[in-house]
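Thanks for coming, everyone. Please look at the structure on the screen, and we'll start with a single residue.

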Amino acid sequence: MMLPRPTLKITEVFASVQGEGLRQGEPTIFVRFSGCNLRCAFCDTKYAWTGGKERTRDEVMAEVRGLRNDFPAAWVCLTGGEPLLQDISGLVRDLKKEGLQVQAETNGTVDRLLAVDWYTVSPKPPEYAVERRFLKTAREVKLVVSRGMSLAIVRGVRKEFPPGTPIFLQPESNRRPGAAKAMEILQQGLKEGLENIRVSVQLHKVLGIQ
Ligand code: SF4
């Protein structure tokens with residue numbers, strides 16, 4: 001019988017505010033998992049693709065508790081890389097037991113059931129395909145607006161998710177070309193009646209914080 005790996009591969013654990021999406025600005029402890037199954041050209045966390053340190057759940061919990069002593073955030077965000085590539089269900093249980101709210105940021109390609117409070121799903125090129133589970137469970141959808149983004153892609157993603165789930169058009173690294181494109185897509189989308197799409201920024205990059 002194969003035993004589950006006793007450790008998780010982690011790039012970093014840190015305290016900050018959530019920079020993206022509906023939870024923007026909220027105090028959050030981040031756990032960044034190492035490894036990703038995709039290789040997006042615009043990825044701003046390439047340093048998490050490889051490497052990372054093996055840590056037990058207890059070690060991660062100790063680190064989260066330590067950070068919360070100075071920064072008592074109510075939320076923990078599990079991010080990456082792609083956090084769902086590893087079996088993080090035990091850690092989610094531990095965090096919930098501690099009374100924390102848990103957000104998971106995923107590209108939506110790994111079908112894993114977790115007892116998290118909040119899924120942020122960010123479909124990625126070239127297919128922008130996500131596992132069915134996330135169509136209903138996503139609280140928000142994030143699309144990075146880089147050169148390859150188009151109204152057709154946004155239209156396709158909008159069709160997949162329920163109209164009540166907001167879609168964020170997030171210009172790549174807050175840059176002007178992405179912002180102009182996001183506004184153009186927003187305008188065209190509005191004209192053809194696409195619901196619940198909005199333009200956003202990465203707050204942490206505006207403020208120059210981690
Ligand atoms: S899915 Fe996310 S972490 Fe993975 S390569 Fe793409 S942007 Fe980077």
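Q170 counts as buried because it has 25 C-beta neighbours inside 10 Å. Buried here means 20 or more other C-beta atoms within 10 Å of a residue's own; exposed means 12 or fewer, partly exposed is in between, and C-beta atoms are placed from the backbone. This is a predicted model: local features need pLDDT of at least 70, side-chain atom pairs count only at pLDDT 80 or more, and totals for chains, interfaces and linings use all residues. Residues are numbered from 1 along each chain as its sequence is written.

Where does Q170 sit? In strand 8, residues 167-171. Strands (E, at least two residues) and helices (H or I, at least four) are DSSP runs, numbered from the N terminus. Leaving out residues up to four places away in sequence, Q170 touches E20, K142, L143, V144, V145, S200 and Q202. Touching, or contact, means C-beta atoms, placed from the backbone, within 7 Å.

Next, helix 4, residues 151-160. Which of its residues are buried? V154, V157 and R158. They lie on the same side of helix 4, because they cover an arc of only 105 degrees around the axis. That arc is taken from the directions from the helix axis to the C-beta atoms. A152 and K159 are exposed on the other side. What do the buried residues of helix 4 pack against? Strand 7, strand 8, helix 5 (176-191) and strand 9 (197-199).

Last, V76. Again leaving out residues up to four places away in sequence, V76 touches T28, I29, V31, V64, L95, L100 and V102.

Terms used
Contact = placed C-beta atoms within 7 Å.
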